[in-house]
Amino acid sequence: MGEERMYFDHTSELGENPGEKDAPDAVSPDTVEKAPLNDQGYLEQKEERIRYFRTKNLMERVREMLFCLVGAKKNMSIYPPHHSICMDSIFTFFQAAKKYFQLANDFSLRIVGEELYYEEKLLTRESLLYYSLVKDCKEKGVGGITIYKGLTPEEFADFLYLFSLDPAELQKRGGLKSLLGRRGIVHIALADPGTYEEIPKEEMIRASHREEYFNAIDVIKELAEEVVAGKKLKISKANKVVGSILNRVVEDRSAVLGLATIKNYDEYTSYHSVNVLILTLALASMLPLDRSALMILGTGALLHDLGKVTIPTSIVNKAGPLSSAEWEVMRQHPVVGADILIGQPGVHPLSVVVAYEHHARYDLKGYPTIKEKRGISLFSRMVEIADVYDAITSDRPYQNAKDPHTAIRYLVKNRGTAFDPLMVKVFVDMLGFFPVGTLVRIATGETGIVYDQNEGDPMCPRVKIIRDSSGEEVEPRIMDLTLLKEKVEAAGRSVVEAVDPKKLGIDTLQYL
Ligand SMILES: [Fe+2]
């Protein structure tokens, strides 16, 4: 983690974005042909537009309500009900609810399988982000929560308190649903599990992907606990996780890469380890490596930071700069990690090497000092890239997360010194120079979010256009930038440049 501080410090030195050198600021929107308009009547178009903005506004409010609901629920499970933090989060929830109930009379959430739905709309991202809510509902026999206009703060606080009780306690008291009735909570209703009978196949697959992701998180946490307790590690569990994630990567790399965007501020190291596993295996799947090599690499990737478990959290999570003594401790984690792993039956020596070398750098200027002239192993070079990419794109006590494009630029800028240039190239080919989720301005002057990659052309992704050339919000549509490429590049300009979403006040995730 201190090592991520180092990466962050270097981001201020980021070089020019190759796509920015030829920024398309001088390109008039008219220089590129636009898609022809549909032959619809003016009124019809206007109605459609109003409908779109109304729906969009409602979904924004839904997401806000959900965010505040989960926040209040979390605080209620940590602090006593009358603690000021609980009171504040209830107040925040009611501010969001006030805006929401201007648009609808009830707020209805459903849990289907592992997914969270608003009405019948699947909330893909929220299902991932608020998995704890989904899990809690399932454990407490709740299939859905409906909140009605007219809810009072007292009812809501009472509901949160009851919801924070553990399943055994709830069962003893007759179940959550009956408790609400007995306590006079009339503006919240709970549905039984399994409200929707059929779950589409694609969603089932996505849910099982996510289940595997969280299973991997549980396993890495268990291993960390075993290290702390000085127990023998259950390496077979780690191998099982690596095998199942590898199968998913082979089946559908893009879908699994989506999982690697899940972050958790409070439990950074566990989520980081699993994300590094996914990113490394996705990178490795671009190379001609056999399955046994991929398994060894995957185990090294998943366990690369195990040595951090022994470092005090006051150092790992320190918001400010580390003192030199603290740095010394932090720099030990690759050696400590390798020491832990080398004594474990079932861990291949090359996996141990990955833990030992993951901060040594391609040019050997990192730590610990490596004297072999042949340099660090190929596996270590791959894990190093995945490690830094995930670290830069994560929120930490000492840094705000950077967007994926910034992380890619950092890797590209430091190829040949910190990173293996060939592996950086493969990594960029895989994720794109503008990874999914990057906010970009394209040569037409319009703004959009990278939606998908065009294989073999990392500079020209497919983009979801969200604003026109004058900055006005438009109904999203997908544009394939390879279609612009010839004309724009012939004029000596680049097709696309990254834009800081914070500067434009855009939440890119809501469009994905
Ligand atoms: Fe590390």
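# Exercises on helix packing, a sheet and a loop

Helix 11 and helix 13 cross in a right-handed way. The crossing counts as right-handed if the near helix is turned clockwise from the far one by less than a right angle, and left-handed if anticlockwise. The model is predicted: local features need pLDDT of at least 70, side-chain atom pairs count only at pLDDT 80 or more, and totals for chains, interfaces and linings use all residues. Residues are numbered from 1 along each chain as its sequence is written.

**Exercise 1. State how many helices and strands the chain has, and what share of its residues count as buried.**

Step 1. The chain has 23 helices and 10 strands. These are DSSP runs numbered from the N terminus: helices are H or I with at least four residues, strands are E with at least two.

Step 2. Of the 512 residues, 38% count as buried. A residue is buried if 20 or more other C-beta atoms lie within 10 Å of its own, exposed if 12 or fewer, and partly exposed in between, with C-beta atoms placed from the backbone.

Step 3. Take the contacts with a separation of 6 or more: 67% of them join residues 24 or more positions apart. Two residues are in contact if their C-beta atoms, placed from the backbone, lie within 7 Å.

**Exercise 2. Describe the packing of helix 11 against helix 13.**

Two packed helices are described by the angle between their axes and the distance between the axes.

Step 1. Helix 11 (residues 235-251) and helix 13 (residues 268-284) pack at about 50°, and their axes are 10 Å apart. Axes are lines fitted to C-alpha atoms, for helices over the stretch in contact; angles run from 0 to 180 degrees between N-to-C directions.

Step 2. The angle makes helix 11 oblique to helix 13. Angles under 35 degrees count as roughly parallel, over 145 as roughly antiparallel, 65 to 115 as roughly perpendicular and the rest as oblique.

Step 3. Helix 11 contributes V242, I245, L246 and V249; helix 13 contributes L277, I278, L281 and A282.

Step 4. By class, the residues of this contact are eight nonpolar, no polar and no charged. Ala, Val, Leu, Ile, Met, Phe, Trp, Tyr, Cys and Pro count as nonpolar, Asp, Glu, Lys and Arg as charged, and the others, Gly among them, as polar.

**Exercise 3. Repeat the analysis for helix 14 and helix 19.**

Step 1. Helix 14 (residues 291-302) and helix 19 (residues 378-392) pack at an angle of about 45°, with 10 Å between their axes. Helix 14 is therefore oblique to helix 19.

Step 2. Handedness: the crossing of helix 14 and helix 19 is right-handed.

Step 3. On helix 14, L297, G300 and A301 meet F379, M382, V383 and A386 of helix 19. The contact of helix 14 with helix 19 has six nonpolar, one polar and no charged residues.

**Exercise 4. Work out the strand order and the pairing in the open sheet of five strands.**

Step 1. The order is 9-8-7-6-10, and the pairing is antiparallel. Two strands pair if DSSP finds at least two bridges between them.

Step 2. Strand 9 (473-480) and strand 10 (496-498) are the edge strands, each pairing on one side only. From one strand to the next the twist averages 35°.

Step 3. Strand 7 (residues 447-452) pairs with strand 8 (residues 462-467) over five bridges. Here I449 stands opposite K464 in strand 8.

Step 4. Strand 6 pairs with strand 7 over three bridges, and L439 stands opposite I449. The two strands form a hairpin with four residues between them; in the turn, G445 has a positive phi of about 95°.

Step 5. Strand 6 also pairs with strand 10 over three bridges. V440 has A498 as its bridge partner there.

Step 6. In a regular strand the side chains alternate between the two faces of the sheet. In strand 6 (residues 439-442), L439 and R441 point one way, V440 and I442 the other, and all are buried.

**Exercise 5. Which backbone features mark R361, L364 and P368?**

Step 1. R361 lies in the loop between helix 18 and helix 19. Its phi is positive, about 70°, although R361 is not a glycine. R361 counts as buried because it has 21 C-beta neighbours inside 10 Å.

Step 2. L364 lies in the loop between helix 18 and helix 19. L364 is not a glycine, yet has a positive phi of about 65°. With 15 other C-beta atoms within 10 Å, L364 is partly exposed.

Step 3. P368 lies in the loop between helix 18 (349-357) and helix 19. The peptide bond from Y367 to P368 is cis, with omega near -10°.

**Exercise 6. Is H333 buried or exposed?**

Step 1. H333 belongs to helix 17 (residues 333-342).

Step 2. H333 has 26 other C-beta atoms within 10 Å, so H333 is buried.

Step 3. Leaving aside neighbours within four places in sequence, H333 is in contact with D305, G307, K308 and I311.
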